[in-house]
Amino acid sequence: MKKTPTLAFLCIQSLKLQLLQGDNPIPDVYELPSELLDGVIAHLPALALHNFQTHMPFKCWDNYESGDDCLTSGRKRPSSWKLLFKLRWPELINCVEPPADWQQLYWEKHLQSCVDEAAEVAMRPTFSGRISSIHVSDKILRYICHEDHTNCQQCVCTDLSFHFLTFGPYLSCLRLINVLCVTEICELLRTSKLKTLVLRWFRSEKHVEPLCKLLSKSRETLTSLEFIHCKLSSSFISAICASLLHKGDIHTNGIQRFCIKASSFGIDPLAAPPAFISFLNSVRSLQTLQFCDSHLDMHIARLIFSTLLDSSSRLSTLDISENNISGWLSTFSSRSVFGSLSSGKALQSLRKLNLRGNELNKYDAENLAHALLHMPGLESLDMSGNPIEDSGIRSLISYFKKNPDSPLADLNLENCELSSCGVIEFLDTLSTVEKPLKFISVADNALGSEVAEAIMNSLTVSIESLDISSIGLGPVGFLELGKRLVKRVKKLMSINISKNRGGLETARFLSKLIPLAPNLVSVDASYNLMPPESLLMLCNSLKSAKGDLKRLDMTGNICISSEADHSSLLGEFQHNGEPVFVLPSSSASHVPYDDEP
């Protein structure tokens with residue numbers, strides 16, 4: 001037998017329907033006692049709650065808080081908007097950093113969902129209508145208005161245009177695919193003040209005009225512009241940069257982040273668009289410049305670098321990774337163009353330089369060492385995936401010797417075709433400089449056990465994070481590391497020793513390291529062929545240690561069975577409710593790691 005609804009329920013349903021239709025609610029509703037009004041608010045869907053707040057009389061504003069903590073009278077409770085956000089996107093609730101404007105986040109995420117859905121419709125060969133008239137699906141509408149939306153005959157929010165007109169002011173970040181970049185997009189976004197714009201699959205010249213209109217409209221507020229999977233011709237780039245620059249006062253542009261990823265960046269370095277050069281030269285607010293996997297060659301990379309020499313921007317991050325730019329610094333040396341650097345600010349303010357996977361060789365490393373002398377603030381350098389060999393690393397040694405007080409703290413030399421001789425010489429040099437590195441990676445280089453002593457010497461100096469995965473340590477290397485470990489490693493916070501096939505010696509080294517590293521929080525010891533007794537050995541080490549280890553990755557060790565077999569033993573090792581030990585699943589526990597090419 002169906003339960004008879006209460007009078008309170010019927011009243012709430014009536015108010016909800018009235019609010020969903022966008023009519024001004026009965027003014028007396030705001031005069032209800034706080035207990036009753038809280039009950040009404042708790043049952044309102046997102047659109048009704050939005051209308052409730054929109055029509056709230058001015059005299060009631062002080063009685064109701066609608067910020068990060070609550071929307072209620074006089075008492076603190078979780079925000080109604082936060083609860084609605086959690087109901088709709090539970091997987092994202094812990095990704096939001098406080099303080100948060102949950103109402104703004106809700107409608108911004110909602111509009112992005114509408115845009116993504118509209119893009120699917122617009123891509124159909126049969127679509128020929130207006131973007132603004134695309135119908136929003138019941139799957140989305142049931143969250144913001146009626147749960148049983150298909151049976152609602154008076155819904156006012158079916159068209160996409162309604163959502164942008166109503167919730168557009170909450171939109172500051174937008175991902176836009178090419179098919180939606182049409183003339184009417186500016187009209188849809190007229191109430192929005194975009195700060196971040198991500199553009200995908202823009203490959204046709206027909207998208208230039210509507211995109212430039214959108215950029216011109218958003219120029220005052222836009223701080224981040226990103227292109228992914230785009231084909232950017234010289235004329236396309238010229239039009240984009242011209243749209244971003246203020247006429248008559250180009251120094252006031254607010255772009256802080258300009259990124260091109262996994263795209264084709266096709267400009268002629270001998271006839272570069274003046275607007276692009278002007279953009280790099282003059283936008284003082286620019287902090288991050290990224291051309292990752294953008295088909296750059298040495299000539300375009302040299303053009304960008306040369307332009308930055310005289311730029312007035314305060315660039316902090318330059319990423320030109322995953323290209324083929326070998327030779328890009330061949331015209332630069334200690335006696336060449338760097339004399340002009342005193343007037344340029346971009347390189348002097350640079351903090352992070354990413355050159356990963358650019359086919360750089362030992363000659364490029366030598367030229368880079370000269371350039372580094374003119375980047376006095378550089379803190380992070382990624383050279384991974386470049387075959388610079390030992391000659392290249394010796395150029396870096398020369399840099400550290402000439403610059404012993406360098407602020408460089410983060411260096412990635414993964415997969416650089418280095419030998420044990422070059423790495424030993426490099427690590428020995430680091431132990432003598434005034435400001436040693438805090439993070440270093442020499443992973444995926446065939447170094448062998450010979451580097452054990454140099455590695456341990458660097459650990460005892462200042463290293464906070466070390467990555468020596470897949471360097472061929474083997475049991476002998478871990479045995480040597482254990483022998484050399486005789487004093488506390490106070491600063492070490494994380495270490496990656498995975499894929500070194502160390503067997504039992506891996507566990508013996510770790511059981512000795514853990515008590516001597518009080519700040520160690522993360523260890524990756526996966527794929528080391530550790531036998532069953534390793535687990536008990538490490539548990540005993542953790543019991544005796546006084547540190548705060550949060551994660552110890554043991555996956556891929558074929559002789560260690562699943563967590564279920566050791567539940568009683570591992571139960572005491574938890575951090576914030578999560579297990580410290582990461583063990584292989586039962587299905588993968590008997591599959592050996594194959595590190596052979």
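This report walks through some features of a predicted model, from its core to its loops.

**The nonpolar core**

The largest nonpolar core has 177 residues, and Leu-413 and Phe-426 have the most contacts inside it. Helix α5, covering residues 102-122, gives the most to this core, with ten residues.

Next, have a look at helix α16, which spans residues 452-459 and is mostly covered, with six of its eight residues buried. The buried ones are Ala-452, Ala-454, Ile-455, Met-456, Ser-458 and Leu-459. What do they pack against? Their partners are helices α15 (420-430), α17 (474-484) and α18 (504-516), together with strand β15 (465-467).

**Aromatic rings**

The model holds 17 aromatic pairs. One of them is formed by Phe-162 and Phe-167: the ring centres are 6.2 Å apart and the planes stand at 90°, so this pair is edge-to-face. Phe-162 is buried, at 19% relative accessibility, because the cut-off for buried is under 20%. Phe-167 is buried as well, with a value of 0%. Both belong to a cluster linked by ring pairs, which also takes in Trp-81, Phe-85, Trp-89, Trp-102, Tyr-106 and Trp-107.

The charged end of Arg-142 sits over the ring of Tyr-143, at 5.4 Å from the ring centre.

**Parallel strands and a buried glutamate**

Strand β3 (residues 173-177) runs parallel to strand β4 (residues 196-200), and five bridges join them. Here Cys-173 stands opposite Thr-196 of β4. Strands β4 and β5 are also parallel and joined by five bridges, with Arg-200 opposite Ile-228 of β5.

Strand β5 covers residues 224-228 and includes Glu-226. Is Glu-226 buried or exposed? Its relative accessible area is 8%, so Glu-226 is buried. The side chain of Glu-226 makes a polar contact with the side chain of Lys-261, at 3.2 Å. Apart from neighbours within four places in sequence, Glu-226 is in contact with Leu-197, Val-198, Leu-199, Arg-257, Cys-259 and Lys-261.

**Backbone details in the loops**

Most residues other than glycine have a negative phi, and most peptide bonds are trans. Pro-98 and Pro-99 are joined by a cis peptide bond, with omega about -5°. Pro-99 lies in the loop between α4 (80-88) and α5.

| Residue | Phi | Relative accessibility |
|---|---|---|
| His-229 | near 55° | 27% |
| Arg-501 | about 50° | 32% |

Where do these two lie? His-229 is in the loop between β5 and β6 (231-233), while Arg-501 is in the loop between β16 (494-496) and α18. His-229 counts as partly exposed, and so does Arg-501.

Definitions and conventions. Residues are numbered from 1 along each chain as its sequence is written. This is a predicted model: local features need pLDDT of at least 70, side-chain atom pairs count only at pLDDT 80 or more; totals for chains, interfaces and linings use all residues. Side-chain values use heavy atoms; hydrogens and water are left out. Rings of Phe, Tyr and Trp (its six-membered ring) pair if their centres lie within 6.5 Å; planes under 30 degrees apart count as stacked, over 60 as edge-to-face and the rest as tilted. Buried means under 20% relative accessible area, exposed over 50%, partly exposed in between (1.4 Å probe, protein chains only). A charge sits over a ring if NZ of Lys or CZ of Arg is within 6 Å of the ring centre and within 35 degrees of the ring normal. Helices (H or I, at least four residues) and strands (E, at least two) are DSSP runs, numbered from the N terminus. Contact means heavy atoms within 4.5 Å. A polar contact is a pair of N or O atoms within 3.5 Å; within protein, one must be able to donate a hydrogen and the other to accept it, and residues adjacent in sequence count only if both atoms are side-chain atoms. A nonpolar core is a set of buried Ala, Val, Leu, Ile, Met, Phe, Trp, Tyr and Cys residues joined through side-chain atoms within 4.5 Å. Two strands pair if DSSP finds at least two bridges between them.
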